[in-house]
Amino acid sequence: MRPILGTMVIGTLFAMAGPAHADDAAVQKTLLANYAKISDALRKSDFAAVSEFMTTDYVATQPKGQKLNRDQALAAMTQQREVMFSADWQRKISKLTVNQNEAVATVQSRMFGIMSDPQGQHHKLLMITSSKDTWVKGGGRWKLKSYRFLTGSMSLDGKPLAPAALGK
């Protein structure tokens, strides 16, 4: 009788754990779709669309710990986009923790773009970063509440840039 009870308990635990993993997978799929939509909006310089994915109290924590609120982050994106005329931003979630209406994602990003310098010369920029992004669900949508820079590297025309370029 005990082996049957043990099997039932283990089976019940797996059954209980199953939907949570399925829910996590669904959240991950949604967040990846959101990242793709954000990238598309950035390519189009549609900052109003980007802002739709951010909470009103959004905070971005930069490499040296500087914090940007939502308006400051959008202004920085606008400024960056003025010199970046071609960009491809890919993201991969390496870790995801979902707790009801909050999801914390560790994200690996690769951004490649063509930018112009003050003399009008074009340069290839590659930025690889890791961040911890916190998303919250409200009104049926997941919105980005915070971004925290973890690690990163940059190169310009294939040559590594000093850590200061990332604000380290």
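Predicted model: local features only at pLDDT ≥ 70, side-chain atom pairs only at ≥ 80, totals over all residues.
M115 touches V83, M84, F85, Q121, H122, H123, L125 and L156, leaving aside residues up to four places away in sequence. That residue sits in strand β4, which covers residues 102–116.

**Around M115**

**The overall build**
- You're looking at three helices and seven strands.
- Going along the sequence, the order is α-α-β-β-α-β-β-β-β-β.
- Among contacts with a separation of 6 or more, 53% are between residues 24 or more positions apart.
- The protein has 168 residues, and 30% of them are buried.

- The pLDDT averages 85, and 83% of the residues score at least 70.
- Residues 1–20 are the stretch to treat separately: their pLDDT is below 50, and beyond near neighbours in sequence they have zero contacts in the model.

**Salt bridges: the network**
- Across the whole structure, a search turns up five salt bridges.
- D40, R43, K44 and D88 are linked in a network of them.
- Within that group, the side chains of D40 and K44 meet at 3.0 Å, N to O.
- D40 is partly exposed, at 29% relative accessible area, while K44 is exposed, at 58%.
- D88 and R43 form another bridge, with their closest N and O atoms 3.8 Å apart.
- This pair ties together distant parts of the chain: D88 belongs to strand β3 (residues 84–99) and R43 to helix α1 (residues 2–43), 45 residues apart.
- Both partners count as partly exposed, D88 with 31% relative accessibility and R43 with 36%.

**Salt bridges: strand to strand**
- D57 forms a salt bridge with K145, and here the closest N and O atoms are 2.5 Å apart.
- Again, distant parts of the chain are linked: D57 lies in strand β1 (residues 54–61) and K145 in strand β6 (residues 141–156), 88 residues apart.
- D57 is partly exposed, with a relative accessible area of 42%, and K145 is partly exposed too, at 29%.

Technical notes. Residues numbered from 1 in each chain as written. Heavy atoms only, no water. Helix = DSSP H or I, 4+ residues; strand = E, 2+ residues; numbered from the N terminus. Contact = heavy atoms within 4.5 Å. Buried < 20%, exposed > 50% of the residue type's maximum accessible area, 1.4 Å probe, protein only. pLDDT = per-residue confidence, 0-100. Salt bridge = Lys/Arg side-chain N within 4 Å of Asp/Glu carboxyl O.
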